[in-house]
Amino acid sequence: MDLFKYPAEPFRIKVVEPVKMVSCNDRERIIKEAGYNTFLISSEDVYIDLLTDSGTNAMSDSQWAGMMKGDEAYAGSRNFFHLESVIQDCFGFKYMIPTHQGRGAENILSQIAITPGQYVPGNMYFTTTRYHQERNGGIFYDIICDEAHDAGLNVPFKGNIDLDKLRNLINEKGAENIAYVCVAVTVNLAGGQPVSMENMRAVRELTQQHGIKVFFDATRCVENAYYIKEQEPGFEHKSIKEIVREMFSYADGCTMSGKKDGIVNIGGFLCMNDDDLFTQAKELVVVYEGMPSYGGMAGRDMEALAIGLEEAMQYEYIEHRIKQVRYLGDRLREAGVPIIEPVGGHAVFLDAKRFCPHLSQDQFPAQALAAKLYAVSGVRSMERGIVSAGRDKVTGKNHVPKLETVRLTIPRRVYTYRHMDVVADAVINLFKQKENIRGLKFVYEPRQLRFFTARFEEVNVNKSTAVKSGTLAHNSI
Ligand SMILES: *Cc1c(COP(=O)(O)O)cnc(C)c1O
């Protein structure tokens, strides 16, 4: 293995957690009982868990030591002041409010910054982010560049905002009808694609001319910064921290899930510069989270997050993280498995439309593929396609995203390159027998964020009817 292309783990292992492999027969029963939804499988029954990189991180010895220094005072905990100073140093914002996780921050921001009927343009959507925007009367509007919707296209910075789309929206609807621009760095649902510094700067210039605020979804900002250092001219000699600092100089505030680039298991925060907004946010945080000096977090959790953020800014850490994910993507691509290009920061996304060409999108190919991958290998992944996209609030119809994907999400500092090989072998093997993956239909569809708890069963089409008329066969069941 090329040590420069794929650097070995920049840590040694001090604590281990055994995992077990359940038998193939058991896995088939388990996934059926879980309604073909990988969210509903017990963790005990999973061999390699790539469901999410959210809160699944391994903390360092320094972070665990920090946990012992938790100051659990109800108000004014010293860990809050530590976290606040680290966040101010890394991101440059005046104010910070801790929340229980990212969606806690989204809830508060959406309530204070959106007037019902206003548009909230964003570079693609994230499930919880869009949910809170819409719940508060906002109208989500996608302004990501067209390249992001083309799964096979290998160009850098596919998370960029299309400035023409943003300009047209402002001209058409008027600046007063835009709540703020939401810029995710990186874009989770586009495959973890980063946004270039040039694009952030241009978005800032355009919105400033119209007095429109910009809030970043900072959840994976360190991964985004690595891509800027690696691929954007002029940044190769800057430190990750300098790059992060510049990125956030183009925003009025941010929401962040600490469960991702904060390298902790729980936590999040909301930042801003505006005094009025901060006052409103403080009024709401006591309703939904807790005192402004702990939000939804214990003192020890704030300490772990403060230390985690500093560790995330270290070059060796983030280089290994990005390249380990890339290694898995490289192995799959070399075997001809269709993946989203280029490989993003936190996950490899299988392109389920090309992986399962025999299934139509209303048979939930990504959901079916994720379920089958578990059954054949014990590797747990997640659907990111039509099920995650949900239904239109007004028409009740399914959103039909162009990207129909299965996400293999790599937890931070948890698995080795050898684990990546096991995953690659399992996916490659399944790809060779992809005709065995059967379509699914809902047996239970929750009204909100349905992907978390939905249940399915396999569609029982025999091949001859499926070939005659896919839609007819599907409707008749
Ligand atoms: C995870 C995530 C969130 C929500 O954060 P939680 O901590 O899970 O509530 C928001 N945006 C993005 C891009 C995320 O990946």
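Trainee: Does glycine 439 count as buried or exposed, and at what relative accessibility?

Mentor: This is a predicted model, in which local features need pLDDT of at least 70, side-chain atom pairs count only at pLDDT 80 or more, and totals for chains, interfaces and linings use all residues. Residues are numbered from 1 along each chain as its sequence is written, and side-chain values use heavy atoms, with hydrogens and water left out. Buried means under 20% relative accessible area, exposed over 50%, and partly exposed in between, with a 1.4 Å probe and protein chains only. Glycine 439 therefore counts as buried, at 5%.

Trainee: What distance separates the polar side-chain atom of serine 257 from an oxygen atom of the ligand?

Mentor: The ligand is surrounded by 14 residues, and the closest include Ser257; a residue is near a molecule if one of its heavy atoms lies within 4 Å of it. For serine 257, the distance from a polar side-chain atom to a ligand oxygen atom is 2.6 Å.

Trainee: How much of the ligand's own accessible area does the protein cover?

Mentor: A side-chain N or O atom of arginine 220 is 2.8 Å from an oxygen atom of the ligand. Accessible areas come from the Shrake-Rupley method with a 1.4 Å probe. Of the 370 Å² that the ligand has on its own, the protein covers 96%.

Trainee: Which element gives the largest share of the shell around the ligand?

Mentor: Two elements give two or more residues to this shell, namely α4 (102-113) and α5 (127-135). The largest share, three residues, comes from α4.

Trainee: Which residue has its side chain joined to that of aspartate 330 by a polar contact of 3.0 Å?

Mentor: Aspartate 330 is placed in helix α12 (residues 315-334) and counts as buried at 9% relative accessibility. A polar contact is a pair of N or O atoms within 3.5 Å; within protein, one must be able to donate a hydrogen and the other to accept it, and residues adjacent in sequence count only if both atoms are side-chain atoms. The partner of aspartate 330 in this contact is arginine 333.

Methods:
Helix = DSSP H or I, 4+ residues; strand = E, 2+ residues; numbered from the N terminus.
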